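Let's learn to read some features of a structure together, one question at a time. Have a look first, and then we will start with pockets.

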Amino acid sequence: MATEPTLHVDVHDGVGEHLLLVHGFLSSRAHWLPNLPRLAEVCRPVTIELWGHGRSPSPIEPEWYDPAAYPAAFETVREAVGCDRWFVCGQSLGAAFTMRYVLDCPDRVLGHIFTNSAAAVAVEAKLDPGRMEAMAEAFEQGGTESIRAQRMFPGNVPGLPDDVRAALYEDAGLHDPVGIARMLRYGSSTSSRSRIGENVVPTLLVVGEQEQGFVSPRRYLEETMPHLQVVPADAGHGVNLEAPATFDEAVVRFITELTPAEKNLVS
């Protein structure tokens, strides 16, 4: 019997509860490099890579790329890490997947953190399948360089530290353009818009206020999502990369407030 694919996982040193960190489209575990040292003071970071990204495989079967399948994939990671409950954090497309997870498995989540993610609350009727297919074909034909050339590729965020930019560019060489194309073809229905009101988990949105395209989604979340607190950041889409100090302090405060004091002691 064939072994089921699993996401690539790195468990980092830290103190306290585990924190799952889920990067966005075209990124990798390197996305969290600026944040790991500060976050490790209050949690144990767990970085993964999405299907087709970095060190994770690119399954052939379409069902693995369905956003509805990611909660089960995250549960596999949680069980492998060995914790009963944890914090989760999603960035961009990764936040669309953590939103699904939090709504499906709230008993496993201590708190949810996310940044700008129109995908998480998109109006599905506005999605353009033709555009997704064109992008998929472009990645298949253009390979790694087409990934690195994308405006949305996080290695192109202005002002990144040299080591972070270098790591993102290096990891882009590990992305599988075919896996990326499969994600676009089979995993575009990412929105949890109709379920946002079901949320029962303490949630933190660290919002990049410079991204005009997220103004309406932010308003919808503030009006609809229970247990939500919002911290503004002077950033665009890549909040944790563009405003790492603001992101880190907001997350540290959030985790600290929700973690019993004894859990934050060095063992």
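Q: What counts as a pocket here, and what counts as a lining residue?
A: On a 1 Å grid over the protein atoms alone, a pocket is an open set of points with protein on both sides within 12 Å along at least five of seven lines, whereas a cavity is a set where a 1.4 Å probe fits but cannot get out; lining residues have an atom within 4 Å of a point. Before we use this, note that the model is predicted: local features need pLDDT of at least 70, side-chain atom pairs count only at pLDDT 80 or more, and totals for chains, interfaces and linings use all residues. Residues are numbered from 1 along each chain as its sequence is written, and side-chain values use heavy atoms, with hydrogens and water left out.

Q: How many residues line the largest pocket, and which lie nearest its centre?
A: Its lining has 43 residues, with S92, A118, A119, M152 and H237 nearest the centre. Two or more lining residues come from each of α4 (129-148), α6 (177-186), α7 (215-224) and α8 (239-242), and α4 gives the most, with three. Helices here are DSSP runs of H or I with at least four residues, and strands are runs of E with at least two, numbered from the N terminus.

Q: What is the volume of the largest pocket, and what classes of residue line it?
A: A volume is the space filled by probe spheres set on the points, which are joined across faces, edges and corners. For the largest pocket this comes to about 1,300 Å³. The lining has 20 nonpolar, 15 polar and eight charged residues. Here Ala, Val, Leu, Ile, Met, Phe, Trp, Tyr, Cys and Pro count as nonpolar, Asp, Glu, Lys and Arg as charged, and the others, Gly among them, as polar.

Q: Which helix gives the largest share to the lining of the second largest pocket?
A: Helix α2 (residues 70-81) does, with five residues. This pocket has a volume of about 180 Å³, and P5, T6, A72, A73 and T76 lie nearest its centre among 13 lining residues. Ten of those are nonpolar, two polar and one charged.

Q: Is T47 buried or exposed?
A: Buried means under 20% relative accessible area, exposed over 50%, and partly exposed in between (1.4 Å probe, protein chains only). T47, in strand β3 (residues 44-49), is buried, at 1% relative accessibility. A polar contact is a pair of N or O atoms within 3.5 Å; within protein, one must be able to donate a hydrogen and the other to accept it, and residues adjacent in sequence count only if both atoms are side-chain atoms. The T47 side chain makes one with the side chain of H12, at 3.0 Å.

Q: What does the side chain of H23 reach?
A: It reaches the backbone nitrogen of L50 at 3.1 Å. H23 sits in the loop between β2 (18-22) and α1 (36-39) and is buried, with a relative accessible area of 0%.

Q: Which residues of helix α5 are buried?
A: In α5 (residues 162-172) they are V164, A167, L168, D171 and A172. Down the helix axis they fall within an arc of 140 degrees, so they line one face of α5; the arc is that of the directions from the axis to the C-beta atoms. On the other side, D162, D163 and E170 are exposed. The buried residues of α5 pack against β3, α4 and α8, where contact means heavy atoms within 4.5 Å.
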